[in-house]
Amino acid sequence: MSRHSDLWKSQKWKQLRRNLFRLQKRVYKAIRDGDLRKARSLQKLILKSRSAQLLAVRQVTQLNQGKRTAGVDGKSSLTYKERFEVFEKLGSNAKNWTHQGLREIPIPKKHGSTRMLKVPTIQDRAWQCLAKYALEPAHEATFSAFSYGFRTGRCAQDAQKMLFQNLNSGNNGINKRIIELDIKKCFDRISHNSIMDRLIAPAGLKIGIFRCLKAGINPEFPEQGTPQGGVVSPLLANIALDGIEEINKKVRSIRYADDMVIILKPNDNAEKILEKVRNFLAQRGLEVNQEKTKLTKTTDGFDFLGWKFRVQRNGKFRCIPSEENHRNIRKKIKAVVNSSNYGAEVKAQKLASIVRGWRNYHKSCDMSSSRDSLWFMAKTANRKFRKEKKVNRYKATELCKKGFPAVGYEQNQHVNVRGTKSPYDGDLVYWSMRNSVLYDDATAKALKRQNHSCGHCGYKFLSDESVHLHHVDGNHDNWKQKNLMAVHQSCHQMIHWSKPKGKPIG
């Protein structure tokens, strides 16, 4: 075990990442230049690249959020020896991969129905990650500039800012209308043929993707559906839906995965545009959900991606967290505050993570109201903390401040990704600086101080890996500048590995 552990940890991960990125840049450029033959040859190189195979195994076993979710084989994690076994299997079978079955996990939806999460085994997830490494740069070269969901280098805030740019007072947003488009069971009904026909890939990879689709089919719809829960599934859905944003060049459409809004000017014919959308979706085995698709005045407001957008009577654009989003955050906060499993200090730490994530997501909104600033929730938490044993009034206040960290707000301050730019275009300076502005406070200062490079490996920060803040001396209460270092998530793990046992982890 120790031999495999040391061998795994001693891999030159950043060099492996550079090797893979170099190939991906070449695939992107080949597609941009219209050289499909060269692109497919490079994709074959990625599939048999040792760097790509090792990185795929590491991604699904160490870095992904769902890395502990078991598949049908019951395995929720792999030993270091098993990781190398998966790596060897990828090396010998990457071009002829056979998928195992999928573990089905029912997930309740807000309207009382359920959707089925279909989870592949860790081995299959590793292959899908490898396939994604080869497919993504090719399709990033062709994707629309107005598609933002599940794409590297893009985020929900890009869609939010695009709405602001089209609905603000300078663009006569008060007289516009919105089509809130809902696609009926998009992931469950999307046609396999529509995906395969549009896939830019060599034959071996296409066969693997086809088997991946067939592994998660519903017996009632054998030619439809991409399994929700697979590493490559969001990319496949984006491939099939790409182009819907630009059906009508005169109308601005904004898509985030299968959620979409269409902005109409006063003279635009909504029914004609919807008819074009229906025809587009029909070719992909999909249809518009008539019950949930609505035509709304901008002055009445509409919900999109967890925000409530509305143009006020004075013509000013306003964006705030939606009612449903508020209900969800209140539930999470109440569950922590009312829990009897741990004390006030642990509650404050758990609250800090929840609240910071929520506020960072909404930092480009108008958060001026007491409801949006979570003032009442913080007051309730403070009152509960004061009832805890060994917590006086002063300490309760300090814990509450720690649990509800402040975040600076500036409405619509987000800077959109430029046009059709992609991280695979090789502009490391642009992408590292853009990735840095997604962080706040101490992390943002550390990134600026380090010239947007990792303090451990010196490599630029791209959008494919999150930034962690490392406490150099291991003391999480020491927030002095010299004790803080911005590092890659994987670099943080390496620092953790190299620390002697018994010492605190930064």
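1. Let's start with the second largest pocket, which has a volume of about 230 Å³. A pocket here is an open set of points on a 1 Å grid over the protein atoms alone, where a 1.4 Å probe fits and protein lies on both sides within 12 Å along at least five of seven lines. The volume is the space filled by probe spheres set on those points, which are joined across faces, edges and corners. Of the 12 residues that line this pocket (an atom within 4 Å of a point), Thr-61, Gln-62, Lys-67, Arg-68 and Arg-83 are the closest to its centre. Helix 4 (50-63) and helix 19 (489-498) are the elements that give two or more residues to the lining, and helix 19 has the largest share, 3 residues.

2. A word on what you're looking at: this is a predicted model, with local features needing pLDDT of at least 70, side-chain atom pairs counting only at pLDDT 80 or more, and totals for chains, interfaces and linings using all residues. Residues are numbered from 1 along each chain as its sequence is written, and side-chain values use heavy atoms, leaving out hydrogens and water.

3. Nonpolar covers Ala, Val, Leu, Ile, Met, Phe, Trp, Tyr, Cys and Pro, charged covers Asp, Glu, Lys and Arg, and the others, Gly among them, are polar.

4. Next, the sheets. Strand 3 (residues 177-182) is joined to strand 6 by 4 bridges, with Ile-178 opposite Thr-296. Contact means heavy atoms within 4.5 Å, while angles run from 0 to 180 degrees between N-to-C directions of axes fitted to C-alpha atoms, for helices over the stretch in contact.

5. There's also an open antiparallel sheet of 3 strands, in the order 7-8-9. Its edges are strand 7 (302-304) and strand 9 (317-321). Strand 8 (residues 307-311) pairs with strand 9 over 5 bridges, Arg-310 having Arg-318 as its bridge partner. Helix 7 (residues 156-167) lies across strand 7, strand 8 and strand 9, at about 10° to strand 8.

6. Finally, how do helix 13 and helix 15 pack? Helix 13 (residues 323-337) meets helix 15 (residues 375-387) at about 5°, with axes 11 Å apart, so the two are roughly parallel (under 35 degrees). Arg-330, Ile-333, Lys-334 and Val-337 in helix 13 meet Met-377, Ala-381 and Lys-384 in helix 15. That contact has 4 nonpolar, no polar and 3 charged residues.

Definitions and conventions. Two strands pair if DSSP finds at least two bridges between them. Angles under 35 degrees count as roughly parallel, over 145 as roughly antiparallel, 65 to 115 as roughly perpendicular and the rest as oblique.
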